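Dear colleague,

Here is the structure I promised to pass on; please have it open while you read the notes that follow.

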Amino acid sequence: MREKIRHVLHIIKCKLLYENEIIPALYKFLCKIHLIKPHMIVYVDGGICSQMHQYLLGRYYAEKGMHVAYDLGWYARNGMDNNGVFERRFEFAEMWPALPFKAASGEMVTFYSRVFRVRRNGMHFPLQVEPPKYFGGYYFFDDEYEYAQLFRRYFLLQNSSFKKLNMLTNWGGVKCGVHVRRGDLAKMDDCFYGKVTRLYFLNALEYVKRHYDEVKFFFFSDELDWVEQNLVEEMDGYPFELMRGNKAWEDLALMAHCDCFISSQGSAGKVAALMNGKGLLIIPNDPHDLKWKERYENTLVIDN
């Protein structure tokens, strides 16, 4: 009997909170007269670079004095890439344990996402909004320089929690981090990143070989077997290492401690360069990637 009563009360609560306009109107009024603290809720999904990007969306508003919380429900519901092969774990707090972070409750997410969802204009960042709001997808800053400045305020290399640097420090020469993103982005016909070919990597590797002395290549990939089968044979005696056994955020932190970077589709190689703040970044000639020339000055484009 008690369970039936609890079930009925839950249905009534849901009806009141989520299926009428009275409670949302009252909530907005209480926010307006400062009896309730309105929030900006930011949806988070994907790998560590997506998590960092969405974190900055929230911090933009937090710096303006607004209360921000993050919707992590995707990791409980899904937590996989688009073709269901590779796991995507929420690792942000492991990499950046000192940064302020508040997870939104399930009830807050349900209420905000129904009542206060922001209607996106393409993929652009909605700068002129007031709380309460729910950001339910990916947004990009209109001003790439502003994005880079905000990124550097929070994601300083020395602020990451990391203890595996000995995997790199045994090499005294130039360290080149090579990110090879495969998985869903390598196989989706409609991938908005575009596809990166084997030839692109070979040309990028050849460029680094010509321009740096005593260089060693550190390969980071979700498919290191593909790297071994397609790129290793072209190393021509150059030292290299396939970086195995790390979490995604540990790969990113290691990459960020390299001296130059070859990126792939996806963000990890580019984010590593931006965390580092110096060193050459090589990117493929794809419209999605070219915006990084505005974020990171020392960028070289190589045809894909």
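**What was found**

The secondary structure of this predicted model comes to 15 helices and nine strands, where helices (H or I, at least four residues) and strands (E, at least two) are DSSP runs, numbered from the N terminus. Local features need a pLDDT of at least 70, side-chain atom pairs count only at pLDDT 80 or more, and totals for chains, interfaces and linings use all residues. Residues are numbered from 1 along each chain as its sequence is written, and side-chain values use heavy atoms, with hydrogens and water left out.

The chain averages a pLDDT (the predictor's confidence in each residue, from 0 to 100) of 84, and 84% of the residues score at least 70. Confidence is highest in S7, at 97, and lowest in helix H1 (residues 2–18), at a mean of 58. Where pLDDT is low, the predicted coordinates should not be read in detail.

Of the 304 residues, 51% count as buried, meaning under 20% relative accessible area, with exposed over 50% and partly exposed in between (1.4 Å probe, protein chains only).

Ser-263 counts as buried because its relative accessibility is 0%. Its side chain reaches the backbone oxygen of Ile-282 at 2.8 Å. Leaving aside residues up to four places away in sequence, Ser-263 touches (heavy atoms within 4.5 Å) several residues, among them His-179, Tyr-200, Phe-201, Lys-270 and Pro-284.

With best wishes

Key
A polar contact is a pair of N or O atoms within 3.5 Å; within protein, one must be able to donate a hydrogen and the other to accept it, and residues adjacent in sequence count only if both atoms are side-chain atoms.
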